[in-house]
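Please read these notes with the sequence and the model open side by side.

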Amino acid sequence: MLAINNIEVVYDRVILVLKGVSIDVGDGQITTLLGANGAGKTTTLKAISGVLRSERGEVTKGTVQLGDKRIDGMRAHDVTRLGLVQVFEGRRVFENLTTEENLIAGGHVQTAAAVKQGIDLVFSYFPRLKERRHQVSGYLSGGEQQMLAIGRALMSQPKVVLLDEPSLGLAPMLVEEIFGIVSRLVKQEKLSVLLVEQNATMALAVADHGYVMENGRIVLEGPAAKLRDNSDIKEFYLGLN
Ligand code: ATP
């Protein structure tokens, strides 16, 4: 579904941050990208979604393929139109808008009927958002804002969703709830997800496949079950003992 092939990314024309990264995101699967702070995970997502262009970053080598289309070098809104959307770290909901208004903003290129259908779909997966549909989103809890950020992304009817650290700052039970919903979405709505996480234990529990990144390179990859059991990974890359 999504194939990243040997990409290099440079910031400000000189700072080489990704040094040849290749990742395959399988159809209808959750693929996780793990690694320490500053390894280059967020940069990888931005290179895929096209957001990098507005941050003085550039893909200087390699390709990004979405289905049969090459999307490297495309603008973010064109990439979204082709069915790939990024949910940012830190959630970035419109704080002055209500839950429902945020969702409507996420579906802005569609007909009224499609927007309504989208909202119904989001509320069916996130009943908490339905309960808070008229609440100004700045007052939602961290977990609810994360749900809203994912819900808003779903409004563009994506085939591929890039999720950047959805667990950040949330209590473990909430993380479990959100990951459970993401798993159901993947199965029932036939989504493919690339999940960037620091919380390796949680990510490997829901993922099908995993990659570990270090200093701008992929240093390990494999089925999630295998990575979970690999003691080297636990110790050296994931900080688990
Ligand atoms: P974190 O978990 O802390 O977000 P990460 O693995 O997502 O880490 P990135 O955010 O991709 O890492 O950062 C990788 C490297 O690129 C870091 O050294 C960072 O300082 C650098 N970097 C990120 N954004 C920019 C930018 N806009 N301009 C210059 N350098 C940047």
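1. Two strands pair if DSSP finds at least two bridges between them. Helices (H or I, at least four residues) and strands (E, at least two) are DSSP runs, numbered from the N terminus. With that settled, Leu33 has Tyr211 in β9 as its bridge partner, and Thr32 has Gly210. Strands β3 (residues 30-35) and β9 (residues 209-214) are parallel and share five bridges.

2. On the source: this is a predicted model, in which local features need pLDDT of at least 70 and side-chain atom pairs count only at pLDDT 80 or more, while totals for chains, interfaces and linings use all residues. Residues are numbered from 1 along each chain as its sequence is written, and side-chain values use heavy atoms, with hydrogens and water left out.

3. Strand β9 also pairs with β10 (residues 217-223), here antiparallel and through six bridges. Val212 faces Leu220 of β10. Two residues separate the strands in this hairpin, and Asn215 has a positive phi near 50°.

4. What is the order of the strands in the open sheet? The six strands run β6-β7-β8-β3-β9-β10, with mixed pairing. β6 (84-87) and β10 are at the edges with a single partner strand each, so one side of each has no neighbour in the sheet. Neighbouring strands of this sheet are turned by 15° against each other on average, direction ignored.

5. For the angles, axes are lines fitted to C-alpha atoms, for helices over the stretch in contact, and angles run from 0 to 180 degrees between N-to-C directions; contact means heavy atoms within 4.5 Å. Helix α6 (residues 142-154) lies across β6 and β7 (160-164), at about 165° to β6. Helix α7 (residues 172-188) packs on the sheet and touches β3, β7 and β8 (192-197), making about 155° with the direction of β8.

6. Is helix α1 mostly buried or exposed? Buried means under 20% relative accessible area, exposed over 50%, and partly exposed in between (1.4 Å probe, protein chains only). Eight of the nine residues of α1 (residues 41-49) are buried, so the helix is largely enclosed by the rest of the structure. Among the buried residues are Lys41, Lys46 and Ile48. Gly50 follows α1 and has a positive phi, near 95°.

7. On a 1 Å grid over the protein atoms alone, a cavity is a set of points where a 1.4 Å probe fits but cannot get out; a pocket is an open set with protein on both sides within 12 Å along at least five of seven lines; lining residues have an atom within 4 Å of a point. Grid points are joined across faces, edges and corners, and a volume is the space filled by probe spheres set on the points. The whole structure holds two cavities of 30 Å³ or more.

8. The largest cavity has about 50 Å³ of space. Its lining includes Ile150, Val161 and Val182. Elements giving two or more residues to this lining are α6, β7 and α7.

9. The second largest cavity is about 30 Å³ in volume. Ile30, Phe179 and Val206 are among its lining residues. Here α7 and β8 are the elements that give two or more residues.

10. The second largest pocket contains about 190 Å³ of space. Helix α4 (residues 112-125) contributes the most to its lining, with four residues.
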